[in-house]
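Have the sequence and the 3D view ready, and follow along.

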Amino acid sequence: MKAAILRTAKQPLHIEETRTPQPTAGQVLLRVRACGVCRTDLHIVEGELPPRKQPLIAGHQIVGDVVDGATTELPLGTRVGVSWVGGIDGTCPYCRRGLENLCDAPVFTGYTVNGGYAEYAAARSDFVYALPPELDDLHAAPLLCAGIIGFRSLRVAGVEPGDRVGLFGFGSSAHLAIAVLRSWNCEVYVLTRGASHRKLAASLGAAWVGSETDKPPVELDRIPEFDYDRLLWGERQIRSVANMTRSDARDFLKIAADIRLQPKVTVFPLERANDALAAVKNDAIDGAAVIVP
Ligand SMILES: [Zn+2]
Ligand SMILES: [Zn+2]
C-alpha cells in the first residue's frame with residue numbers, strides 16, 4: 001500500500017510503498033477513505049512529542065471501511081471512524097474508575113501505533129465508531145479528534161443549553177464546538193488572533209467577535225488571567241481536558257449527525273501530506289486539512 005512515512009522527526013514524510021497491515025486478534029483492517037490532519041500530528045512529525053515508534057505512519061482522524069477482521073457488530077464494509085485514543089489497558093486505576101481518557105498505558109493512533117496517512121490502517125475493533133450516513137467522509141474526518149475534544153471541553157466545562165460561553169482562540173476544535181453551542185442556543189463570544197479566524201467565527205454565529213486584546217461587551221472569565229478577587233469570590237474553576245473517552249466520541253458523533261455538522265475542509269491527496277502539515281502549521285487554511293489516499 002501507499003503511505004506517508006515518518007522515518008526521523010523533523011524530516012519530511014516519505015510517500016512510499018509499504019506492507020499493508022494484517023489485522024491481529026481484536027483488530028479490524030480499514031481501507032482508508034480520508035484522514036484529518038491534527039495539530040498533534042505536526043507536533044509528532046516535528047519531534048515536539050518524543051518519538052514512540054519509528055518509522056511511523058501518523059494520522060488519528062481516520063474514516064475507513066472494514067475490509068478484514070469483520071465481526072457481528074462490524075460487518076465487512078462498515079464505514080467507521082478512528083480517533084486519537086486507539087486502545088486502553090482496561091486494568092489501570094484510571095480505567096477501573098471509568099476514566100479511560102487518563103489510562104496509564106494507552107494506545108495512541110498515529111503515535112504509538114500506525115495511523116491513517118495511508119491506504120490501509122489497522123485499528124482495535126472496540127475503538128472504532130460506526131459513522132452515521134449524515135456525515136460524509138471528508139466532513140467526518142476532522143470531527144474525530146478536533147470535534148470530539150471540543151465537545152469534551154464543553155462537557156467538562158459543564159456548559160448547559162442557553163449558557164453564555166467565551167471561546168478564547170478559534171482553531172479547529174472551536175470552529176466545531178461553536179456549531180454544537182449554537183444548536184444549544186448558547187450565546188458565544190469569540191476572542192481570537194487573525195482576521196480570517198474572526199471572520200469565520202462571525203459566519204458561524206458568534207454573538208460577538210474580537211481580537212485577543214479586545215474587551216468583550218459582557219463579563220466572561222478570562223483564561224488564564226483570572227484576577228484573584230474574582231477567583232476567590234466567584235468560586236471559579238479552571239478545568240483542562242486530556243484525550244477523550246469512547247462515550248465522548250459516540251455522543252458527539254450523534255449530535256454532529258443530528259445538526260448536520262459540516263466542518264470547513266481543505267483536501268490534500270496523500271502525495272501532498274507534507275503540504276497538508278505545512279498548511280496547518282502556517283494557519284494557511286481555515287478549518288481542517290483532510291488527506292485522501
Ligand atoms: Zn488504563
Ligand atoms: Zn488530534
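In α4, the residues A146, G147, I149, G150, F151, S153 and L154 meet S172, S173, A174, L176, A177, V180 and L181 of α5. Contact here means that the C-beta atoms of two residues, placed from the backbone, lie within 7 Å. Sorted by class, the residues of this contact are nine nonpolar, five polar and no charged. In that sorting, Ala, Val, Leu, Ile, Met, Phe, Trp, Tyr, Cys and Pro are nonpolar, Asp, Glu, Lys and Arg are charged, and the others, Gly among them, are polar.

A word on what you're looking at: this is a predicted model, where local features need pLDDT of at least 70, side-chain atom pairs count only at pLDDT 80 or more, and totals for chains, interfaces and linings use all residues. Residues are numbered from 1 along each chain as its sequence is written, while chains are lettered from A and ligands numbered from 1 in the order in which they are written.

| Helix pair | Residues | Angle | Axes apart |
|---|---|---|---|
| α4 and α5 | 146-156 and 172-183 | about 60° | 8 Å |
| α4 and α8 | α8: 246-258 | about 100° | 9 Å |

The axes are lines fitted to C-alpha atoms, for helices over the stretch in contact, and the angles run from 0 to 180 degrees between N-to-C directions. So α4 sits roughly perpendicular to α8, whereas α4 and α5 are oblique to each other. The cut-offs are under 35 degrees for roughly parallel, over 145 for roughly antiparallel, 65 to 115 for roughly perpendicular, and oblique for the rest. The crossing of α4 and α5 is right-handed, that is, the near helix is turned clockwise from the far one by less than a right angle.

On the α8 side, G147, I148, F151, R152 and R155 of α4 meet D248, A249, F252 and A256 of α8. That contact has five nonpolar, one polar and three charged residues.

Now zoom out. The protein has nine helices and 15 strands, counted as DSSP runs (H or I, at least four residues, for helices; E, at least two, for strands) and numbered from the N terminus. Its C-alpha atoms fill a box of roughly 60 × 40 × 35 Å along the principal axes.

The domain assignment, automatic or from a database, gives domain 1 (2-143 + 241-292) and domain 2 (158-233). Their centres, taken over C-alpha atoms, are 28 Å apart. Domain 1 puts 11 residues into the contact and domain 2 puts in nine.

Q54 and P55 are joined by a cis peptide bond, with omega about -10°, and P55 is in the loop between α1 (39-45) and β4 (56-57). K10, not a glycine, has a positive phi of about 75°; K10 lies in the loop between β1 (2-6) and β2 (14-17).
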